[in-house]
Amino acid sequence: MRKMQLIDKCFTKESLVTLTNSLFSYICFSKLDNMYKQVFFIFILLFSFHIINANNIPDWGSTGHRIIGVIAEKHLTKKVKKQIDKLLQGQSLAFVSTYGDDIKSDSKYNKFYTWHYVNFPFNSKYEDSDKNPKGDIVSGINKCITMLKDKNTSQEDQVFYLKFLVHLIGDLHQPLHVGRGEDKGGNDIQVRWHNKGTNLHRVWDSNMIESWNMSYTELANNTRDLSKQQIQSIQKGTVLDWTYESQKLAIQVYKSAAIGEKLGYKYSYNHFGTVQSQLQKSGIRLAKILNDIYG
């Protein structure tokens, strides 16, 4: 966690570009031997990749987030759906579900970067852990809910926090967003997916989902049929309860693959059911929150 915070504090996209441009210019126009120039050039590439990777921790891919949006809309009351349609000017929850990632390209939203995840020791209490002063996914979700319930919140902020809430509830149900800080939620655990390089976080974020070659609506429509009692059971609990639930899954995810392991059909066969379950739970719980806010 400290490593992530230090990198996030010291490097931005702008500073990285400035630094690499300066190094590149020095190499190109200096009188260094060609061999040294090649070594420095390789260093720049590796350095740039490391910083970009450290500042770009993915969550559910766009397909996963849109699946959650579709599922959530199925569980909204008519009254709430009408209010949300008006607020979002007809845009669907699936459409706005990627907003939290879309704004990462705008530096004015950098302060929200840490809201996408939380790291605290496994089998411990969030309440007793050291908190990120910039916030985390738990405090971020609660802030969104508070702002949306406040009648004094401007319409512009209502739209912002609604879009962000849709995204963050999705993030919370990606187990490795409640993973270990030292490996950036599995991003540093390099594995092979059908013999192509990837990492454990990305396998759970998008690789398994995309391997089905189905649209987000097709995948959303092929989740399990649940009884009313099962839906009510999923909706029970608090944001913190769901955080602990995701962390328990994260512990199992870490055990599911070793560094450098080749993953593919068998891994998907064993674990895609969990992915589907988390996506479905996320949509149902998002709807519950929205029904409570706007109902």
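Reader: Is Asp 292 buried, partly exposed or exposed?

Author: Asp 292 is partly exposed, with a relative accessible area of 46%. Buried means under 20% relative accessible area, exposed means over 50%, and partly exposed lies in between, computed with a 1.4 Å probe on protein chains only. This is a predicted model, in which local features need pLDDT of at least 70 and side-chain atom pairs count only at pLDDT 80 or more, while totals for chains, interfaces and linings use all residues. Residues are numbered from 1 along each chain as its sequence is written, and side-chain values use heavy atoms, with hydrogens and water left out.

Reader: What share of the 295 residues is buried, and how many helices and strands are there?

Author: Buried residues make up 50% of the 295 residues in the protein. The protein has 14 helices and three strands. Helices (H or I, at least four residues) and strands (E, at least two) are DSSP runs, numbered from the N terminus. Of the contacts with a separation of 6 or more, 76% join residues 24 or more positions apart; contact means heavy atoms within 4.5 Å.

Reader: Which residue forms a salt bridge with Asp 292?

Author: Side chains of opposite charge can pair when their charged atoms come close. A salt bridge is a side-chain nitrogen of Lys or Arg within 4 Å of a carboxyl oxygen of Asp or Glu. Asp 292 pairs in this way with Lys 288, the closest N and O atoms being 2.8 Å apart. Both residues lie in helix α14, four residues apart, about one turn of the helix. Lys 288 is partly exposed, at 28% relative accessibility. Elsewhere, salt bridges that share partners join Glu 245, Lys 281 and Arg 285 into one network.

Reader: How many salt bridges does a search of the whole structure find?

Author: The search finds eight salt bridges. One of them joins the side chains of Lys 81 and Asp 85, at 3.5 Å from N to O. These two residues are four residues apart in helix α5 (residues 78-87), so about one helical turn separates them. Lys 81 is partly exposed at 30% relative accessible area, and Asp 85 is partly exposed at 28%.

Reader: Which residue forms a salt bridge with Lys 184, and where is Lys 184 found?

Author: Asp 188 is the partner, with the closest N and O atoms 2.8 Å apart. Lys 184 is found in the loop between α9 and β1 (190-193). Lys 184 is buried, with a relative accessible area of 5%, whereas Asp 188 is partly exposed at 30%.

Reader: What is the phi of Lys 184?

Author: Most residues other than glycine have a negative phi, and most peptide bonds are trans. The phi of Lys 184 is near 55°, a positive value in a residue other than glycine. His 194 also has a positive phi, of about 50°, although it is not a glycine. His 194 lies in the loop between β1 and β2 (196-199) and is partly exposed at 34% relative accessibility.

Reader: At what angle do α9 and α14 pack?

Author: Two packed helices are described by the angle between their axes and the distance between the axes. Axes are lines fitted to C-alpha atoms, for helices over the stretch in contact, and angles run from 0 to 180 degrees between N-to-C directions. Helix α9 (residues 155-172) and helix α14 (residues 265-294) pack at about 150°, with their axes 9 Å apart. That makes α9 roughly antiparallel to α14; angles under 35 degrees count as roughly parallel, over 145 as roughly antiparallel, 65 to 115 as roughly perpendicular and the rest as oblique. Residues of α9 in the contact include Leu 162, Leu 165 and Ile 169, and those of α14 include Leu 286, Ile 289 and Ile 293.

Reader: How do the axes of α8 and α14 cross?

Author: The axes of helix α8 (residues 137-149) and α14 come within 9 Å and cross at roughly 30°. The two helices are therefore roughly parallel to each other. Ile 145, Leu 148 and Lys 149 in α8 meet Ile 289, Ile 293 and Tyr 294 in α14.
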